[in-house]
Amino acid sequence: MLEDDPQSAYAKAAFNIRKYYWKILKVEHEPRVVTLADFADRDIGTEHFLIAQKHGISTAFAAWSRDGGKPSGPIQHSYPGLNDLEEHLSKIRKSKRKGRCLHFDAGSRCTHIVDAHSIQKNGALSLIAENGKVIAPSRNYTDFRQNQGTIALSLQGIGKVSTFRGFCAAHDNDVFAPIDKGPVVPTREQVLLYAYRSICRELFIKEYSAVLYAEQAKQLPPDSVVHELLDGMRMGTEIGLKSLQYHKQVFDECINERLFSKMCYVLFCTGQKPNVVFSGVIYPDFDFLGRQLQNLADYTKPWGLLAFSFVPLEEGWGLLLSWHSTSSGACIPFMQSLATRIHEKGDGGEFLFRFVIAGCENMAVNPTWWSSLSDDQRTAIEHTVFHGADVLKMPRADYLAAGLENVAAWNFEKVISQMEPET
Ligand SMILES: [Zn+2]
């Protein structure tokens, strides 16, 4: 197994065994780190080590007959359907989602649903595009497969990057005019709208994912492990969705009543040329020091939510981190841990780059900058983007503490912050 830690390796191994409807009675050797040298004198060991390194996993079975019958050497088997989980997940990623207007006042007038950009087309995507193209997470099944099930980044036209069919033309225009039609100052209203757009995209995608997981699970026998896993993912998505619905309602009320005073934010500004644009939301579970902020296994109350966006500024660009004061319980300690790390190491850019890449797959990269990176750097970025999306991987407490050093060279010269509501 090619994995980051023994727990994830075990989870994947167990999953692959249970695909054959086998029950694990006992584990004789717990997962441990091995090198090629460990297999030097084992008959098919070297070959399988290399397969695992290339494809992520390699499986060999040994069997004994009850009557102690004739022994035999290794037999090569091919098992079609070993990657059926990836196939189902890929179908979900690619499926065409029917649109609906998420505006709180949506109704019969919302007939013309548009492909709304969650990362602005003019002002963000166009800033990093070359000949109208950017590098972005691929929805293409072949790319997905060739990258061994890892989300690949590929060259794409900006027309479809980051879009979701979550608003009608009129409401999209109406609601987002203060951020789409002028530079970011920022006002608390603008801060709210950036966060709101990210929340709506996430909600739109989660709603459909829950339905699609259920549809895919239905095609499989209920006692199959893939069915069980897809069903678990549906339940997990529905729990996350409930929390998102709560936050969207809080934001809906703010917009409806034009009350923006409860929005808090930290804006990191730079005059550098942008190389990555992004927008997303996370429930901060661990801070930059690896300490737990909120327990995502406890879903008795909504989790605190933090939004982050690339924002074009009059000069240069900014990374906007924002939250409604109802999420301050998780977001303020999160920001304080970032301040501690910056104070220790003096390089906020590195932490923030890691945070953005680990936090979302709703991002796009400048093609020239992408090709200037080494193969290892590109793989590391793809690996990090995918980390949260890999269902069999264990969550890591330290995912914000290290990794992707010396890649982006972000350097923020100025910070504007309002961490408390306006009184
Ligand atoms: Zn509408």
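Modeller: H7 and H8 are roughly antiparallel to each other, a label used for angles over 145 degrees. This is a predicted model, in which local features need pLDDT of at least 70 and side-chain atom pairs count only at pLDDT 80 or more, while totals for chains, interfaces and linings use all residues. Residues are numbered from 1 along each chain as its sequence is written.

Biologist: At what angle do H7 and H8 pack?
Modeller: They pack at about 155 degrees, with their axes 8 Å apart, the axes being lines fitted to C-alpha atoms over the stretch in contact and the angles running from 0 to 180 degrees between N-to-C directions. Helices here are DSSP runs of H or I with at least four residues, and strands are E runs of at least two, numbered from the N terminus.

Biologist: Switching to H6, which residues are buried there?
Modeller: His171, Asp172, Val175 and Ile179 are buried, where buried requires 20 or more other C-beta atoms within 10 Å of a residue's own, exposed 12 or fewer, and C-beta atoms are placed from the backbone. They cover an arc of only 95 degrees around the axis, which puts them on the same side of H6; the arc is that of the directions from the helix axis to the C-beta atoms.

Biologist: And what is exposed on the other side of H6?
Modeller: Asp174 and Ala177 are exposed there.

Biologist: Now Cys168, buried or exposed?
Modeller: Cys168 is buried, because 23 other C-beta atoms lie within 10 Å, and this residue belongs to strand S4, residues 163–168.

Notes. Parallel < 35°, antiparallel > 145°, perpendicular 65-115°, else oblique.
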